[in-house]
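Hi,

Here is the structure I promised to pass on to you. Have a look at it first, and then read my notes below.

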Amino acid sequence: MTGAHDTDRVAQELAELPALDLEPLAARQQLVRAKKRLAGRSLTSSNFEPAILVALATAQLLWAVWRVLELGAGHFG
Amino acid sequence: MPPGTVERLREGDGAAFDLVYEAYRARLYTFLVRLTQDEQLARDLSQETWLRLAANARRLEPNTEPAAWLFRVARNLFVSQRRWAAVHEAALSALRLAGPTSESPLERVASNATQRRIERAFAELPTRYREVLLLVAVEGFGAPDVAAMLGISHAAVRQRLSRGRTAIAKVIEGDHRDRRA
């Protein structure tokens, strides 16, 4: 068990220990990623992602319509 | 921390997040380097901690103390990582990723031999003593807060703190004797 004097010495030495920090670029990157999450944005999203998703959805819809028409033509034709 | 920062954080205010980040970034990273004894792991856990704060900002309680929240999450992430590493120990060893072998970065920035020995003493302490010593004696959290953060009793905090302080006291006493000799 440490006595009161030892505790004071330990406290003093621990208080004087140096701190570390990330390099500025790493710190900036860390903050940017976290704030993207805060804004509710995906960490891997790009500016083109919404347009790509809309294009894919449109293509799927057109294909479905074409299949329906094709099946309908085959049924009645 | 200016009053109202947590409230602004709960509203998703980016400027409030910047304030918290600037206030605690270095402290949190230093804590993780000492806790993990692995600079790269500390960097990864630090990133994950800030991502968790961002993801949970809107769910924070109004009376949340940001420091206690951050250090608790960081420590829990370390515990999870250690469990994962224990399961995958064989693979990590095969890849020689089992842990650091070089001098800790804190030893490199230490101002004197006593500080270097203290950092080495941290490395040699069992994790359960090291984390309590860091949280109470270095970061200044109260023992009841640390008991809550770690999910242990006040008595366990006091006992682990005492063991940790004894180890550091031995380092200091040893240096004192060496200087007198």
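Chain A and chain B bury about 3,000 Å² between them, and 64% of that is on carbon and sulfur atoms. Buried area here is the accessible area (1.4 Å probe) that two parts lose on being put together, summed over both. Leu14(A), Leu20(A) and Leu38(A) supply 25% of what chain A buries against chain B, more than any other three residues.

Before you go further: this is a predicted model, where local features need pLDDT of at least 70 and side-chain atom pairs count only at pLDDT 80 or more, while totals for chains, interfaces and linings use all residues. Residues are numbered from 1 along each chain as its sequence is written, chains are lettered from A and ligands numbered from 1 in the order in which they are written, and side-chain values use heavy atoms, with hydrogens and water left out.

Back to the interface. Counting contacts (heavy atoms within 4.5 Å), 27 residues of chain A touch 40 residues of chain B. There are also 12 residue pairs in polar contact across it, both at pLDDT 80 or more. A polar contact is a pair of N or O atoms within 3.5 Å; within protein, one must be able to donate a hydrogen and the other to accept it, and residues adjacent in sequence count only if both atoms are side-chain atoms.

On the chain A side, α1 (4-15) and α2 (24-38) each supply at least two residues, and α2(A) gives the most, with 10 residues. Helices (H or I, at least four residues) are DSSP runs, numbered from the N terminus. That side of chain A divides into 14 nonpolar, 4 polar and 9 charged residues. Ala, Val, Leu, Ile, Met, Phe, Trp, Tyr, Cys and Pro count as nonpolar, Asp, Glu, Lys and Arg as charged, and the others, Gly among them, as polar.

How many salt bridges cross the interface of chain A and chain B? The rule (a side-chain nitrogen of Lys or Arg within 4 Å of a carboxyl oxygen of Asp or Glu) finds 3. Glu23(A) and Arg43(B) meet in a salt bridge, at 3.0 Å from N to O. Over all chains the count comes to 14. Within chain A, Glu70(A) pairs with Arg67(A) at 2.8 Å, N to O; both lie in helix α3 (residues 49-76), 3 residues apart, about one turn of the helix.

Now for chain B. This chain has 10 helices and 0 strands, and its C-alpha atoms fill a box of roughly 60 × 40 × 35 Å, taken along the principal axes.
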